[in-house]
Amino acid sequence: MMDSHTHTFRLPLAADLAWSGGLTALMVTAAGIGFHPPASFYALAVLLCLAIAVPVIRFWPAEQDFGWANRATLVRASLVILLISLAPFTSELGNWLWLYGSLCLLALILDGVDGAVARATRSTTAFGARFDMELDALFILGLCVAVLAQGKAGPWVLALGLMRYAFVIAGHWFRFMDRPLPDSFRRKTVCVWQIVTLMVAILPITPTGFATATLAIALLLLCYSFFTDLRWLYQTGRKT
């Protein structure tokens with residue numbers, strides 16, 4: 001007879017962080033062998049690992065299984081850490097830049113995997129959504145650094161990656177901003193446009209003028225999107 005009790009898979013959070021850290025170390029080591037980056041590359045990778053691991057430890061209940069959707073996000077996080085750590089040195093990658101661009105595309109494709117897994121397993125959580133969103137923001141900032149390192153745009157391109165963090169910081173002073181925003185197709189579209197234009201800009205065949213123009217459009221769209229959200233938050237806050 002079959003056991004009437006349902007046994008669910010549970011892996012300690014420390015184990016999840018350990019295997020994801022090992023995956024990151026493997027990717028970073030492979031990049032180090034192929035590219036021979038400076039020591040700051042490895043230091044940045046370690047800092048990014050800590051920047052991801054510490055909030056996970058703080059906000060995820062240790063006694064609760066991390067879930068397959070969040071594990072999919074951890075896999076993407078390992079790839080994003082590698083890409084961001086290499087971002088300041090992309091001007092020195094040469095032909096390796098094509099591989100870098102391909103890995104960025106893979107990171108973008110994987111962005112949809114965790115959400116699909118969460119829906120399939122009915123394990124959607126606010127933590128998972130925030131984890132995914134913050135990883136997207138970090139990825140965008142890393143791509144901005146890569147574009148700047150290649151001279152495809154001026155320092156203003158960093159605004160594409162920093163605006164999200166400025167919004168979060170401002171929410172600590174302006175209470176009407178510290179409210180959840182409803183899902184928005186417009187916001188998601190602008191986010192994808194940002195990532196795609198940044199990815200195209202870093203490719204060796206992309207002219208500087210074209211990259212600058214498309215990134216300027218991305219920044220205008222982002223400003224419009226943030227203004228729309230701010231107006232909604234302010235008007236909603238006044239009614240409550």
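1. The protein exposes about 13400 Å², and carbon and sulfur atoms supply 71% of that area. Accessible areas come from the Shrake-Rupley method with a 1.4 Å probe; for residues, only the protein chains shown count as cover.

2. This is a predicted model, in which local features need pLDDT of at least 70 and side-chain atom pairs count only at pLDDT 80 or more, while totals for chains, interfaces and linings use all residues. Residues are numbered from 1 along each chain as its sequence is written, and side-chain values use heavy atoms, leaving out hydrogens and water.

3. There are 9 helices and 0 strands in the protein (DSSP runs numbered from the N terminus: helices are H or I with at least four residues, strands E with at least two). The radius of gyration is 19 Å, close to the 18 Å that the globule rule gives for 240 residues, so the protein is as compact as a globular protein of that length. That radius is taken over C-alpha atoms, and the rule is 2.2 Å times the number of residues to the power 0.38.

4. Of the 240 residues, 41% are buried (under 20% relative accessible area, with a 1.4 Å probe and protein chains only). Among contacts (heavy atoms within 4.5 Å) with a separation of 6 or more, 79% join residues 24 or more positions apart.

5. Ser85 belongs to helix α3, residues 68-86. Its relative accessible area is 0%, so Ser85 is buried. Not counting residues up to four places away in sequence, Ser85 touches Phe41, Leu44, Ala45 and Leu48. The Ser85 side chain reaches the backbone nitrogen of Ala45 at 3.4 Å.

Notes
Buried < 20%, exposed > 50% of the residue type's maximum accessible area, 1.4 Å probe, protein only. Polar contact = N/O pair within 3.5 Å; in protein donor to acceptor, adjacent residues only side chain to side chain.
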